[in-house]
Amino acid sequence: MLSDDDSAVSLHAARRLYQDEKRMVLKIVRTVWPVMLTYVAIGAPCGMIMGQTGMEPWMVFALSSTFVTGSGQFMVCNLWLAGVPAASIVASVAAISSRFALYSASIAPHLTGASKRQTLAVAATLTEEAYGISLAKLVEGEDWGPRESFVLNVILIATWGASCTMGAIVGAVVDVPTAIASFVCTSLFICLL
C-alpha cells in the first residue's frame, strides 16, 4: 500500500507527465496549423464527393481516418462514379500510394532511439505533409523524435478525417453538384502548388 508521501509523489509525477504531453501537443499544433487549415479546405470538398458516391458520414470518417492519401480518396470517388471496376480502382490507388513506402524508408534512419514498434507506428501513419515536417525537424536536430512524429501524424489524420466527414454531412444537406466539388478540389490543389 502506498503511503501519503508516495501518493503525493505519484500524483505530482502524473501532473508533470500530463503537462509535458500537453506542451508537446501544443508545440506540434503551433507547427502544423497551416497544414490543418489546408486539410479542412481540401477535405470538405473531398467529403462532399465521397458522400455523393453514396457513402454515409461514418463511412467517410472510417475511410478518411484509415486511408490517408487524399489523392487516393479523390481517385476512388471519381473512378467509382465513372463505373470503373473495383479491381482497377484498387490497382490504381495502390500504384499512387506506393510512394509511402519510400517516405517510410527514408524517414526511418532519422528516428534515432526509436524501437521497431515506434518506427512502424510513425511509418504506418505518415502523410505527405507529416513526412516533410518530421523529416525537416529530425534532420535539423530540433527537439523532435518518434513521439512527436507520431503525434503529428495522428493530429493530421484526425483533421483530415473530421474535415472529410464535415464535407459529407454538409454535402448531404446542401446539394453541391459533383462537377463543382471536383472543380473546387482541383483549384485547391493548383493553389497549393
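The chain has nine helices and zero strands, where helices (H or I, at least four residues) and strands (E, at least two) are DSSP runs numbered from the N terminus. Read along the sequence, that gives the pattern α-α-α-α-α-α-α-α-α. This is a predicted model, so local features need pLDDT of at least 70 and side-chain atom pairs count only at pLDDT 80 or more, while totals for chains, interfaces and linings use all residues. Residues are numbered from 1 along each chain as its sequence is written, and side-chain values use heavy atoms, with hydrogens and water left out.

Some overall figures come first. Of the 193 residues, 36% count as buried; buried means under 20% relative accessible area, exposed means over 50%, and partly exposed is in between (1.4 Å probe, protein chains only).

Next, the aromatics. The structure holds three aromatic pairs. Rings of Phe, Tyr and Trp (its six-membered ring) pair if their centres lie within 6.5 Å, and planes under 30 degrees apart count as stacked, over 60 as edge-to-face and the rest as tilted. One of the pairs joins tyrosine 39 and tryptophan 160, edge-to-face at 5.6 Å centre to centre with 80° between the planes. Tyrosine 39 sits in helix H1 (residues 4-52) and tryptophan 160 in helix H8 (residues 146-173), so this pair ties together parts 121 residues apart in sequence. Tyrosine 39 counts as buried because its relative accessibility is 6%, and tryptophan 160 counts as buried at 5%.

Another pair, tyrosine 103 with tyrosine 131, is stacked, with 4.6 Å centre to centre and 25° between the planes. Here the link runs from helix H5 (residues 99-107), which holds tyrosine 103, to helix H7 (residues 128-140), which holds tyrosine 131, and the two residues are 28 apart. Both tyrosine 103 and tyrosine 131 are buried. Together with Phe100, Tyr103 and Tyr131 form one aromatic cluster.

That brings in the packing of H5 against H7. Their axes are 11 Å apart and the helices pack at an angle of about 15°; axes are lines fitted to C-alpha atoms, for helices over the stretch in contact, and angles run from 0 to 180 degrees between N-to-C directions. H5 and H7 are therefore roughly parallel to each other, on a scale where angles under 35 degrees count as roughly parallel, over 145 as roughly antiparallel, 65 to 115 as roughly perpendicular and the rest as oblique. H5 passes H7 in a left-handed crossing, the term for a near helix turned anticlockwise from the far one by less than a right angle (right-handed if clockwise). On the H5 side, Arg99, Phe100, Tyr103, Ser106 and Ile107 meet Glu128, Tyr131, Ser134, Leu135 and Leu138 of H7. By class, this contact has six nonpolar, two polar and two charged residues, with Ala, Val, Leu, Ile, Met, Phe, Trp, Tyr, Cys and Pro taken as nonpolar, Asp, Glu, Lys and Arg as charged, and the others, Gly among them, as polar. Also in H5 is serine 104, which counts as buried at 16% relative accessibility. Leaving out residues up to four places away in sequence, serine 104 touches Ala123 and Leu126.

Helix H6 (residues 116-124) makes its own contact with H8: their axes come within 9 Å and cross at roughly 30°. H6 and H8 are therefore roughly parallel to each other, and H6 passes H8 in a left-handed crossing. The residues that meet are Gln118, Ala121 and Val122 in H6 and Pro146, Ser149, Phe150 and Asn153 in H8. Four of the residues in this contact are nonpolar, three are polar and none is charged.

Threonine 125 lies in the loop between H6 and H7, and counts as buried at 16% relative accessibility. Its C-alpha atom is 5.8 Å from that of asparagine 153, 28 residues away along the chain. Setting aside neighbours within four places in sequence, threonine 125 is in contact with Phe150, Asn153 and Ile157.

Leucine 152 is found in H8 and, at 0% relative accessibility, counts as buried. Leucine 152 and valine 29 are 123 residues apart in sequence, yet 7.9 Å apart in space, C-alpha to C-alpha. Beyond its neighbours within four places in sequence, leucine 152 is in contact with Ile28, Val32, Ala130, Ile133, Ser134 and Trp144.

Technical notes: Contact = heavy atoms within 4.5 Å.
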